[in-house]
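Colleague: Hi! Could you walk me through this one? I'm still new to reading structures.

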Amino acid sequence: MNALVISGGVSKGAYTGGIAEYLLKDCGRDYDLYIGTSTGNLLAPLLAAGKLDSAKEVFTSSTQKDIFKV
């Protein structure tokens, strides 16, 4: 069984998303299990569902104004 473990910590999770894209698209890797912490936990289900483009869109287009409202 192969697992992709994704770190958390906002920018670290986004960076790991880029690594995941490389592993899945360019290297053709396949994983049986996706596990994440914090930001990685938000990314893991999208990767497991094969929605890599959706994950990339969310992580590259969201701003603080989209998340926080004063």
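Colleague: Let's start with V5. Is V5 buried or exposed?

Modeller: V5 is exposed, because its relative accessible area is 60% and anything over 50% counts as exposed. Keep in mind that this is a predicted model.

Colleague: Where does V5 sit in the chain?

Modeller: V5 belongs to strand β1, which covers residues 3-6.

Colleague: Thanks! Now helix α2. Which of its residues are buried?

Modeller: Helix α2 runs over residues 39-48, and its buried residues are T39, G40, L43, A44 and L47. They sit on the same side of α2, because they cover an arc of only 125° around the axis.

Colleague: Let me pick L43. How accessible is L43?

Modeller: L43 has 3% relative accessibility, so it counts as buried; the limit for that is under 20%. The C-alpha atoms of L43 and A20 are 9.8 Å apart, while the two residues are separated by 23 residues along the chain.

Colleague: What comes after α2?

Modeller: G50 follows α2, and its phi is positive, near 80°.

Colleague: Changing topic: what volume does the largest pocket have?

Modeller: About 330 Å³. Its lining includes V10, T39, L42, L46, V58 and F59.

Colleague: Which helix gives the most to that lining?

Modeller: That is α2, with three residues. Helices α2, α3 (52-61) and α4 (64-67) each supply at least two residues of the lining.

Colleague: Last topic, salt bridges. How many does the structure hold?

Modeller: Three. In one of them, the side chains of E21 and K25 meet at 3.8 Å, N to O. Both residues lie in helix α1 (residues 11-26), four residues apart, which is about one turn of the helix.

Colleague: What about K56 and E21?

Modeller: K56 forms a salt bridge with E21, and their closest N and O atoms are 3.4 Å apart. K56 is in helix α3 and E21 in helix α1, so this pair ties together parts that are 35 residues apart in sequence.

Colleague: And which residue does D53 pair with?

Modeller: D53 meets K25 in a salt bridge of 3.3 Å, N to O. Since K25 lies in helix α1 and D53 in helix α3, this pair ties together parts 28 residues apart in sequence. Through shared partners, the salt bridges join E21, K25, D53 and K56 into one network.

Notes
Residues numbered from 1 in each chain as written. Predicted model: local features only at pLDDT ≥ 70, side-chain atom pairs only at ≥ 80, totals over all residues. Heavy atoms only, no water. Buried < 20%, exposed > 50% of the residue type's maximum accessible area, 1.4 Å probe, protein only. Arc of directions from axis to C-beta. 1 Å grid on protein atoms, 1.4 Å probe; cavity = no way out; pocket = protein on both sides within 12 Å on 5 of 7 lines; lining within 4 Å. Points joined across faces, edges and corners; volume = space filled by probe spheres on them. Salt bridge = Lys/Arg side-chain N within 4 Å of Asp/Glu carboxyl O.
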